[in-house]
Amino acid sequence: MARFTLPRDLYHGKGALEALKTFKGKRAMVCVGGGSMKKFGFLDKAVGYLKEAGMEVELFEGIEPDPSVETVMKGADAMLKFRPDWIVAIGGGSPIDAAKAMWIKYEYPDTTFEDMCKVFGIPELRKKAHFCAISSTSGTATEVTAFSIITDYQKGIKYPVADFEITPDVAIVDPELAETMPKKLVAHTGMDAITHAVEAYVSTAHCDYTDPLALHAIKMIQNDLVGSYNGDMAKRDSMHNAQCLAGMAFSNALLGIVHSMAHKTGAAFADKGAHIIHGAANAMYLPKVIAFNAKNPEAKKRYGEIADFMHLGGNNDDEKVKLLIDYLRKMNDDLNIPHCIKNYGADSYPVEQGFVSEETFLERVHDIAVNALGDACTGSNPRQPSVEEMEKLLKCCYYDTEVDF
Ligand SMILES: NC(=O)c1ccc[n+]([C@@H]2O[C@H](COP(=O)([O-])OP(=O)(O)OC[C@H]3O[C@@H](n4cnc5c(N)ncnc54)[C@H](O)[C@@H]3O)[C@@H](O)[C@H]2O)c1
Ligand SMILES: [Zn+2]
């Protein structure tokens with residue numbers, strides 16, 4: 001038996017934020033990040049609509065990008081004091097993910113972070129509150145997914161919390177919120193979205209319900225991402241839907257080792273002054289992982305189907321896989337994203353020598369490979385790598401060398 005779960009309601013289109021006016025409840029806790037939602041007026045609007053619905057509203061502000069376990073615990077304490085029956089998270093993947101984890105701790109105050117990380121092991125929620133997610137970036141699709149990514153900064157590791165219990169009750173996909181994104185964020189979140197769709201399509205857990213969502217998302221991203229990056233607001237709006245469709249696919253089909261590697265490299269070099277931003281990590285690793293996975297005949301066939309759907313040409317699956325890889329690499333160039341960690345500057349742009357030195361990388365690559373293999377996304381990858389293969393793959397992602405194993 002397989003399960004396919006999505007939010008009960010999804011409001012989309014310009015002005016969808018107004019759906020908050022129709023919510024029924026007593027107290028809403030609004031969880032938000034560092035300031036972009038406030039600066040552009042969306043936070044005030046959301047609070048206003050909830051008040052119009054007759055609710056008392058309290059804010060939990062300042063959730064940092066790549067949220068920490070400590071922030072989750074602080075937010076849950078605030079919820080325990082305020083006792084909301086609605087949790088409304090607004091912003092990018094970071095505040096929404098943090099709010100999802102706070103929700104678990106709010107409903108079950110004795111839960112530890114280790115408990116949360118047991119995949120599909122979350123007890124029944126919604127005894128205290130329902131959850132609404134309003135996304136302002138076009139990539140993570142956390143507004144519709146069963147995932148929350150929390151970083152343990154002591155270990156320098158990102159942990160996915162995964163369970164359909166944390167799939168939001170209501171998703172609001174209002175493209176107006178995404179129009180204020182700076183270019184770099186458009187690029188990174190957009191490549192995150194296409195990675196979600198491609199990994200979902202070749203995942204061992206894909207099914208007839210997830211395939212059309214993944215393919216349609218890929219097609220839309222092919223049509224719209226670079227234009228959105230270059231300021232076309234109609235394409236920006238369309239990307240907000242595309243990333244959400246990709247999320248519907250991967251929340252139910254799961255992901256693969258591009259994400260395992262991105263989760264385990266993201267904060268692994270934080271002591272050297274920067275993070276490898278999630279979407280940029282995916283953009284760099286996806287072509288390498290396609291080459292690795294394509295050694296599996298079923299995966300190769302499915303990459304070929306993606307290439308066909310994108311009208312990339314090619315006479316056989318080998319050619320189609322190559323054309324897909326070339327296409328994705330060209331997208332990186334168009335979006336000013338480097339091809340490998342060696343060229344990844346502290347500001348995420350391509351440079352000759354990035355912030356992760358060869359020495360530091362080689363020192364840590366074995367541990368990263370072990371951690372990546374243990375990531376919750378590895379199990380559904382179409383080809384299971386050994387530690388040695390994962391290490392080799394990571395080295396290809398560092399040096400931008402060909403994957404021939
Ligand atoms: N839950 C999931 O299913 C899932 C999937 C993929 C990634 N993730 C996680 O999500 C996080 C990344 O989320 P993200 O890429 O959405 O970025 P983010 O939430 O970390 O935000 C990045 C920055 O963009 C700003 N910002 C957000 N929206 C804006 C807007 N509309 N205009 C201007 N500035 C804006 C924020 O203030 C912040 O400074 C990572 O921790 C990643 O691991 C989660
Ligand atoms: Zn992702």
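1. A crossing of two helices is called right-handed if the near helix is turned clockwise from the far one by less than a right angle, and left-handed if anticlockwise. In this predicted model, the crossing of H6 and H11 is right-handed.

2. The contact between these helices involves Val198, Tyr201 and Val202 on the H6 side, and Ala299, Arg302, Tyr303 and Ile306 on the H11 side. By class, six of the contact residues are nonpolar, none is polar and one is charged. H6 spans residues 183-202 and H11 residues 297-309; their axes lie 9 Å apart, at an angle of about 135°. The two helices are therefore oblique to each other.

3. Helix H3 (residues 69-82) and H4 form another pair, with axes that come within 8 Å and cross at roughly 55°. H3 and H4 are therefore also oblique to each other, and their crossing is right-handed. H3 contributes Thr71, Val72, Met73, Gly75, Ala76, Met79 and Leu80 to the contact; H4 contributes Ala98, Ala99, Ala101, Met102, Lys105 and Tyr106. Ten of these residues are nonpolar, two polar and one charged.

4. Ligand 1 is surrounded by 29 residues, the closest being Gly92, Gly93, Ser94, Thr137 and Phe147. Two or more residues of the shell come from each of helix H4 (93-107), strand S6 (147-152), H6 and helix H10 (278-293).

5. The shell around ligand 1 comprises 18 polar, seven nonpolar and four charged residues. Domain 1 (9-178) and domain 2 (181-399) each supply at least three residues to this shell.

Terms used:
Residues are numbered from 1 along each chain as its sequence is written. Chains are lettered from A and ligands numbered from 1 in the order in which they are written. This is a predicted model: local features need pLDDT of at least 70, side-chain atom pairs count only at pLDDT 80 or more; totals for chains, interfaces and linings use all residues. Axes are lines fitted to C-alpha atoms, for helices over the stretch in contact, and angles run from 0 to 180 degrees between N-to-C directions. Helices (H or I, at least four residues) and strands (E, at least two) are DSSP runs, numbered from the N terminus. Angles under 35 degrees count as roughly parallel, over 145 as roughly antiparallel, 65 to 115 as roughly perpendicular and the rest as oblique. Two residues are in contact if their C-beta atoms, placed from the backbone, lie within 7 Å. Ala, Val, Leu, Ile, Met, Phe, Trp, Tyr, Cys and Pro count as nonpolar, Asp, Glu, Lys and Arg as charged, and the others, Gly among them, as polar. A residue is near a molecule or strand if its C-beta atom, placed from the backbone, lies within 6 Å of it. Domain bounds come from an automatic or database domain assignment.
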